[in-house]
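The following exercises are to be worked with the sequence and the model at hand. Each task is followed by a solution in steps.

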Amino acid sequence: MADILILAAGLGTRMKSRRAKVLHELGGSPLIAHVVRSAYALSPGSVFVVVGHQHEQVEAAIRSQFDKLKSESPGSLPKLFFALQSEQRGTGHAVMAAASQFSASSGPLVVLAGDIPLIKTATLQNLIDHHERNNNATTILTVEMEDPTDYGRIVRDQSGGFERSVEQKDAGPEDLAIREVNVSIYCFEIKPLIAALDRLTTDNAQGEYYLPDVPGFIKAGGGRVGVLLHDNVDEVRGINTRVELAALEGELRQKKVRELMLSGVTFLDPATAYIHSEVRIGPDTTIHPQVIIEGDSTIGSGCTIHSWSRLKNVTIGDGVVIKNSTVIDDSLIREGATVGPFARLRMNADIGEKAGIGNFVEVKKSKVGRGTKASHLTYLGDATLGDRVNIGAGTVTCNYDGERKHETIIEDDVKIGSDTMLVAPVRVGRGSKTGAGSVVTKDVPADTLVAGVPAKEKKKLNQVEGNPKQRNEA
């Protein structure tokens, strides 16, 4: 059983960013999350990650992916360890930073960079199998590139075996003509790796400790070094610039949309759909142009998502209609509901079956019952609405008193008139009604009609209206 070491300490200077490179997102997840997922799919003994720049944020991103994998897996996951490379002095130095943690392991160690998001578990397994089958001390994964610029070259001997690896900045003209490159993916036996790390120096063009020098030292010490030539360049290509990141994002987006179309989803304009890789959409759903669906989202069957809508971390039941320019985050929309246009749902909004959330309605941290309608210009925050409730235009649940949020409860079959202010905490009983412009400050019993402003509140309002000074202060 192999262990995995992921190198994720670098800033990534060519990204021209203050963020660590592995935190830049691809398909809705940080680059490092893609690599961690592939690594854990190998069922390794342990996973070690070397962190450096913004190590707290990088660790948080990795732990988030670890927790997601844990929730998906019925069994226990291999342990996760972090090593801090406080000063970045090259890839060899990064491995040195973790050596004390993996040195006690007995099996092979796969080392790979944290910026290779498309690496497949099958490719890593093939590397391990090749390594063990040939009794290698080290095996290097390589590819041939039409343009190998910025990659280290693999120099072979007359028999076709490994001779040495040379970084581009240290390469001569003959070396630079070589198209076979080192993609920073290795399989090492740990004891010869530890011994070779002790021999690394910074005598090179970049003044760094190069991990690519390690195979040469292992070979010089009598260890067998193998080279496994891989046939998929795109899979093992690292991300070094925003141009490369955007190009890969586009490729993944096209692949995801094609996959969904082949599974029964209709895209009216596939070129303008932005769908993250983890999104799931049921058959016979139609996606209109300029729709964005992000994160861990599930869309049911027979839905319609209209243009300019953006959905993130949503669960949508069958037969739901999302109308134009709707924004939904972290929310649940149940079967047959309609939302939008120009609606906003957030913070665990829960919209019931066949409910209707209409024009310029915002629902925040609220549950809306079956068949309930809020059709226009309404704010529902920290509220629970029963079944078959009708909310008139301009209604507001006044949930914040300046210090705390309070809950509004509206029971079944209530009709709330236009411009009603529900001053929380407050409950409106089953079957009750409020007249237009009402201000509700006390609990309303079932089957009750509420109209107007409470006398005390009306007196305060009249005093303010009659006194310019008070009016300005109000």
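The model is predicted: local features need pLDDT of at least 70, side-chain atom pairs count only at pLDDT 80 or more, and totals for chains, interfaces and linings use all residues. Residues are numbered from 1 along each chain as its sequence is written, and side-chain values use heavy atoms, with hydrogens and water left out.

**Exercise 1. The surface patch**

Task: Which residues make the nonpolar surface patch of about 330 Å²?

Solution. Step 1: patch members have over 30% relative accessible area and no salt bridge; nonpolar side chains (Val, Leu, Ile, Met, Phe, Trp, Tyr) are joined within 5 Å, like charges within 9 Å. Step 2: a salt bridge places a side-chain nitrogen of Lys or Arg within 4 Å of a carboxyl oxygen of Asp or Glu. Step 3: the areas follow the Shrake-Rupley method with a 1.4 Å probe, and for residues only the protein chains shown count as cover. Step 4: the patch consists of F342, F360 and L377.

**Exercise 2. Strand pairing**

Task: Trace the pairing of β27 with β24, β25 and β29, then give the order of the open sheet of 9 strands.

Solution. Step 1: two strands pair if DSSP finds at least two bridges between them. Step 2: β24 (338-339) runs parallel to β27 (356-364), with 2 bridges; V339 has I357 as its bridge partner. Step 4: β27 and β29 are parallel and share 7 bridges, with I357 partnered by A374 in β29. Step 5: the open sheet has parallel pairing in the order β14-β17-β20-β23-β26-β28-β30-β33-β36. Its edge strands, β14 (280-281) and β36 (426-428), each pair on one side only.

**Exercise 3. Pocket and cavity**

Task: What volume does the largest pocket have, and which helix gives the most to the lining of the largest cavity?

Solution. Step 1: on a 1 Å grid over the protein atoms alone, a cavity is a set of points where a 1.4 Å probe fits but cannot get out; a pocket is an open set with protein on both sides within 12 Å along at least five of seven lines, and lining residues have an atom within 4 Å of a point. Step 2: the largest pocket has a volume of about 1,300 Å³. Step 3: of its 39 lining residues, R14, K21, T91, E208 and N240 lie nearest the centre. Step 4: β10 supplies the largest share of this lining, 4 residues. Step 5: the largest cavity holds about 40 Å³. Step 6: helix α8 (242-262) gives the most to the cavity lining, with 4 residues.

Definitions and conventions:
Grid points are joined across faces, edges and corners, and a volume is the space filled by probe spheres set on the points.
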